[in-house]
Amino acid sequence: MTPLRRIAVIGNSLPRRCGIATFTTDLQQAISSSGPGLETCIVAMTDQGQAYDYPEAVAFHIRDDNIEEYVRAADFLNAGRFDTVCLQHEFGIFGGEAGAHILALLAPLRMPVVTTFHTVLADPTGKQRTVMERIVDASSKVIVMANKGRELLRDLYQVPDDKIEVIAHGIPNVALVGPDAAKAMLGFAGKSVILTFGLLSPGKGIEVMIDAMPSVLTRCADAVYVVLGATHPNLVRDHGEAYRDSLVARVRELGIDNHVVFLDRFVDLATLLEFISMCDVYVTPYLNESQMTSGTLAYSFGLGKPVVSTPYWHARELLTDGCGVLVPFGEAAAIGREIAKLLTDHPRRHAMSRRAYAASRMMTWERTAERYISVFENAGQGHRLKVLARAGKGPPEPRGSAPPDMQIGHFLSMCDDVGLFQHAVHSVPDRSHGYCVDDNARALLLACALNNPGEQPLSEILTTRFAAFVQHAWNPDTGQFRNFMGYDRVWLEDRGSEDSHGRTLWALGESARRDASPSRRKWATDLFAQTLTTAESFRSPRAWAFTLLGLDAYCAAAPDDLHAMAVRHSLAGRLMSCLASVETPSWVWFEEGLAYDNARLPQALMLTGVATQTSVYLDAGLRSLRWLMTQQTTTAGHFRPVGTAGFGDLRQHPRAFDQQPVEATATIAACLAAWRADGDSEWKSMATRAFAWFLGSNDLSVALVNLHTGSCRDGLHPDRANENRGGESVVCYLLGLAEIRQLARVNMSRAMPAPVRAASA
C-alpha cells in the first residue's frame with residue numbers, strides 16, 4: 001500500500017474562538033508532526049460576517065452560508081489528490097438546515113472520508129438525523145471520543161460496529177508539576193485555586209459553582225474560584241455580555257467578590273497550561289448529561305488535576321477508578337462539599353492527581369495522532385477493498401481492488417542469526433523468551449509462500465536460517481522435535497508438543513514442494529519422511545490436521561511414498577471419527593469445544609479429500625467450516641475469531657476475547673481452500689472479511705497492522721489492542737496477506753477455477 005502523503009482536515013481553525021477550532025488545529029499539527037513526508041492542511045469554516053487571519057496551514061476556507069464554496073472545496077481536495085479527508089462535525093458550524101451544506105462537499109470526493117462526531121444527539125430532529133445518516137454513509141470510518149457515542153451511533157443510527165472507532169480527545173504532553181510556581185507567577189500565591197475555563201455560555205453551570213462557593217469558604221477560607229475564558233462569540237453577537245453580567249451580579253449578591261475572579265480572555269495554549277497548572281481543583285459543573293466531549297475536561301485531566309464534575313457522558317467515562325469526583329447536576333451543596341473535602345485533604349488530592357495523570361498518558365496528541373493515522377490507513381484500505389470484501393456471491397472483483405503491499409521490515413527485525421524471536425515488547429524483540437520451533441516453522445512456511453509469482457522471495461540466508469533451526473530442533477533420541485530454546489541457544493526441553501511436531505511437519509512438507517532451493521527441497525523431503533512416523537501415535541486433532549497439511553504438500557513432491565499415503569488416510573479417518581462422535585445439527589465440530597487454529601481442521605480434510613478424491617473428507621471439511629463461520633461472524637457481518645477466554649467451554653458459542661491473528665490466518669486459508677474445492681464465491685467473501693479483521697474490521701475497529709512496516713499486534717483485548725508485536729503475529733499476518741494477494745492476482749486475471757468435486761470413496 002502506498003504510504004499516506006496528504007491529509008486534509010475539515011473544521012474550524014484558530015484564530016476562530018471555539019473548541020472545534022482548537023481541536024482541529026491541534027489535530028492537524030499532531031498529525032503533521034507524526035512522521036516525515038506527511039503533508040497536512042485545514043479546510044476551515046468561517047462563520048457569517050467574520051473574517052480571520054488564518055495561519056498557513058489553512059489551505060482553503062469556506063463561508064458557512066455559501067453552498068458554492070463547499071463545492072469548490074471538493075474540487076480543491078480532488079485536484080490535490082489527498083489520501084484522506086478528516087471531517088470534524090459539530091452541529092452549528094456548517095450552513096443549511098441542520099448543517100446540510102456539508103453534504104455538497106462530501107458527495108463529490110474521490111478519497112475516503114473519516115468523520116469525527118463531536119456530538120451525537122440522542123434525540124435528533126428529523127433533519128438532523130437525515131444529515132447525520134448521510135454523513136455516515138459518505139464516511140469510510142467514523143470516530144467518537146466516548147463509548148456513549150459508539151452506543152448511540154450503533155443503537156440509534158444503526159451504524160455498524162466495525163465502522164466506529166473510539167479515540168479519546170487529545171491532550172498536551174506536559175510534565176506533572178505542583179501548582180505553587182504557576183500560582184506565584186499568575187498572582188494567586190497562597191490561595192487554594194478552583195478553576196473553570198472555556199468559552200462562557202449558559203449550560204456550563206457556572207452559576208451553580210458560584211452558589212457553592214460560600215460553603216467552600218466555610219472550610220477553606222483562602223479558596224478562589226477562577227473563571228477563565230471569553231464569552232462565546234455567538235452569545236456576544238446575539239445577546240452581548242448579559243450572561244457574564246448576570247454572573248458578576250450573583251457574586252456581588254453573595255458577598256464573595258474577593259473569592260471569584262472572571263478573566264475575560266481567550267488565551268493561547270502556553271497561557272492556558274499555566275492556568276491549569278496553578279489550580280488545585282478543576283470543576284466542570286455542566287447542567288446536562290448529553291455532553292459527549294469536553295476538551296476542557298480532557299486537558300485538565302491530562303495535567304493531573306483533581307476534577308469535580310457533574311456526571312455528563314464524557315465525565316462519567318473519564319473520571320473512573322478514583323481519577324475524579326462526580327456530583328449530581330445542579331446541586332450546589334454537593335459540589336461545594338466535595339470541593340471543600342479535596343482542598344482540605346492533601347494526601348487524597350495528590351493521590352487523585354497522580355492517578356489522573358497516569359491514566360491520561362495514552363491520550364497525548366502524539367498517541368491520538370497515531371490512532372487517527374491508523375484509522376486513515378484502514379479507511380484507505382477499506383475504500384479500495386470495499387468491493388473485494390463485499391458479502392454475498394457474485395462475479396470476480398473488478399481490476400484495481402488491490403490488497404496491501406507485502407512489507408517485511410518488522411519481520412526482518414524479529415530475526416537474528418538463530419532464527420525468529422517468539423515475542424516482542426511493543427515492536428522491540430524480547431530476547432528473554434528466546435525462540436521456538438513453532439514460529440520458525442511458520443517462518444519457513446512464509447518463505448515458501450513468498451516463492452509465488454508476484455512476490456519478492458526471502459533471501460537465501462534467511463530461509464536457510466529457518467531450515468537450520470528446524471533441523472537443530474529434531475531430537476532423534478526422543479523421535480520428536482524440540483520446541484522452546486532460550487536466547488543462549490540452550491534447548492529448554494527434550495521434546496515439544498504434538499502440535500509443534502505436526503506444525504513442523506507441515507512446514508517441511510511445503511518446503512519439499514515449494515522451496516526455491518533444490519537442495520533444501522531434498523533436505524525437507526528426507527527429514528519429513530524421517531519424522532513422520534512419530535505423528536502416527538499422536539492424539540491431538542490439531543497435530544493430525546497440521547500433519548495432513550504437510551502431507552498434502554509432501555505427497556505432491558513424493559507421490560511414490562506409500563507409507564505417507566497410508567498415514568494420510570489414517571489421520572483423515574481419525575478426524576472423521578471425531579466429527580462423527582461429536583457432531584449434532586447445532587454443533588458441527590470435531591470436539592466438544594472450540595480452541596485455537598480451528599479452521600485448520602476442516603482445511604486439512606478438504607485438501608485431503610481433493611487430493612485423494614475422497615468425497616466424504618471434502619464434504620465433512622466444507623460442512624464443518626461452514627458451521628465454524630457461523631460462529632465467527634457477528635450480526636453486523638464482520639469476522640470475530642474464537643476468543644481465548646472460551647477455550648475449555650463445552651458446546652458454547654465462542655467468547656469474543658481475546659482475539660488472536662492465528663485464527664484469522666487459518667480462516668483465510670481454509671475459506672480459500674473451500675472456494676478452490678467447490679467454486680462458491682461466498683468463500684472468497686468470507687476469506688476477505690477474515691483478512692479485513694487485520695485492517696480494523698473487527699469488534700474494536702482497531703487496525704492490528706502497520707501497513708508500512710508489516711508489523712502486527714498480538715491480538716485484541718476487550719478494551720484495546722495488545723501493543724506487543726511478536727513473531728507469531730507478524731508471520732500470521734504475512735501468511736494471510738500472501739493468500740489474499742494470490743487471490744487478487746487470480747481475480748485480476750478473471751481466472752476462475754473449475755469446481756473440483758471428489759469422486760465417491
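Tutor: Start with Arg361, which lies over the face of Tyr357, at 3.8 Å from the ring centre. The model is predicted, so local features need pLDDT of at least 70 and side-chain atom pairs pLDDT 80 or more, while totals for chains, interfaces and linings use all residues. Residues are numbered from 1 along each chain as its sequence is written, and side-chain values use heavy atoms, without hydrogens and water.

Student: What makes Arg361 count as lying over the face of Tyr357?

Tutor: The rule asks for NZ of Lys or CZ of Arg within 6 Å of the ring centre and within 35 degrees of the ring normal. Arg361 is at 3.8 Å from the ring centre of Tyr357. Arg129 also lies over a ring face, that of Tyr157, at 5.4 Å from the ring centre.

Student: Why is the pair of Trp506 and Phe546 called stacked?

Tutor: Rings of Phe, Tyr and Trp (its six-membered ring) pair if their centres lie within 6.5 Å; planes under 30 degrees apart are stacked, over 60 edge-to-face, the rest tilted. By this rule there are 23 aromatic pairs. For Tyr435 and Tyr487 the centres are 6.4 Å apart and the planes at 20 degrees, so that pair is stacked. Tyr435 is buried (under 20% relative accessible area; exposed is over 50%, partly exposed in between; 1.4 Å probe, protein chains only), because its value is 0%. Tyr487, at 39%, is therefore partly exposed. For Trp506 and Phe546 the centres are 6.0 Å apart and the planes at 10 degrees, so this pair is stacked. Both Trp506 and Phe546 are buried.
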